[in-house]
Amino acid sequence: DEVETSDDIVRGTNDDATVSRLSAVSLGYIQDPFVKLFVKKPTRRSPIINRGTFIRSYAIDSIVSQFLSMPGPKKQIVALGAGFDTRYFNIKAGILNHDGNPLSESLSKYFEIDFSEITMKKAMTVKRRKELWSLMAEADQVKIGRGGMDLLGNDYCLVGGDLRNWPDIASRLLETGLDLELPTLFLSECVFIYITPEESNTILKWITENMKNTMFALYEQVKPDDAFGKMMIRNLKSRNIELKGLQAFPDLMHQEKRFKDLGWENAKAVDMNTIHDRYLNRSEILRMSKLEILDELEEWHLLAAHYCVAWAMHSADFSQEFNAVQ
Ligand code: SAM
């Protein structure tokens, strides 16, 4: 019999995220023709979860799209714990764009890191699906590395490994062409929360010390200590999921501080209620409210208060003020 380790359980959260995304896509919240290729058993999620998935996706997409449309040289993106994230393919297909303008021309290379168990499955799907494979630049030259665990393309690299062993990941990123000078956006969407504060700080420190023009965008849970937060933790614990970063970064102030302490600028953290109220435009709110009826407004506000987006930059060159989510 196979024993399910705590790493298996953490990897399992990727299926959860992918199923939730497909649910939001199927109901019309999000446009993404690719996520269905990564889901075996589609499941419809509750209106609250769909709304959460939509606003999270909106927030991170806005950051990605603004980052790529900044003037200057081509840019890199490094998605930490990318799972079955389809953002690269949506950028390349022009589905994720900036006011209708394509973003793919500003993309130098998109790196994705996750456990090898995950990257192997992802690489297999990309290999089997022409609609994915053909989006990679010079697709005929893309190499499959380490027995199927890595994909090494001209503008897309899938790297299998453990983020807790950052020296190994860093050297593999450099081997696959990470440029230390180019503007680079790092993404951690529901990922840092699963590793210890020491482990995530090691990654941030390395970026700070080794790279010139960087931006970071993070999405994860906050507020473990109120009644809703305690319930959230209890529910996850019953599934053996532990949020290791939650106590060290319990609120928006600490999420900003983790960047400021390392000398990053413009560090900002907001919760999902703020994204909804202040950054989502009226027409999107109207469109969303027509998709599903949301009766449990109070529960929605509570949930939204327990998820945050944080962003920061560390650069000598970024001159323009970056407003992140619009
Ligand atoms: N970022 C994706 C998204 O937002 O849809 C996936 C999120 S999923 C909740 C968390 C992901 O982080 C999983 O794919 C998991 O395998 C990955 N992950 C967690 N800890 C990791 C580690 N130590 N090394 C590599 N990947 C890790």
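Where in the chain is the place of Glu-138? Glu-138 sits in the loop between helix H5 (130-133) and strand E3 (143-145). Helices (H or I, at least four residues) and strands (E, at least two) are DSSP runs, numbered from the N terminus. This is a predicted model: local features need pLDDT of at least 70, side-chain atom pairs count only at pLDDT 80 or more, and totals for chains, interfaces and linings use all residues. Residues are numbered from 1 along each chain as its sequence is written.

**Overall build**
- The protein has 12 helices and 9 strands.
- Its radius of gyration (taken over C-alpha atoms) is 19 Å, close to the 20 Å from the globule rule for 326 residues (2.2 Å times the number of residues to the power 0.38), so the protein is as compact as a globular protein of that length.
- The C-alpha atoms fill a box of roughly 50 × 45 × 45 Å, taken along the principal axes.
- Of the 326 residues, 42% count as buried. Buried means 20 or more other C-beta atoms within 10 Å of the residue's own, exposed means 12 or fewer, and partly exposed lies in between; C-beta atoms are placed from the backbone.

**Strand E7 and its partners**
- In strand E7 (residues 213-221), 8 of the 9 residues are buried.
- Strand E6 (residues 184-189) runs parallel to E7, joined by 6 bridges; two strands pair if DSSP finds at least two bridges between them.
- Glu-189 stands opposite Tyr-219 in E7.
- On the other pairing, 9 bridges join E7 to strand E9 (residues 307-315), and these two run antiparallel.
- Glu-220 stands opposite Cys-308 in E9.

**Positive phi in loops**
- Most residues other than glycine have a negative phi.
- Glu-138 has a positive phi of about 40° although it is not a glycine. With 9 C-beta neighbours inside 10 Å, Glu-138 counts as exposed.
- Asp-99 has a positive phi near 50°. Asp-99 lies in the loop between helix H3 (87-92) and strand E2 (107-114). Asp-99 is exposed, with 6 other C-beta atoms within 10 Å.
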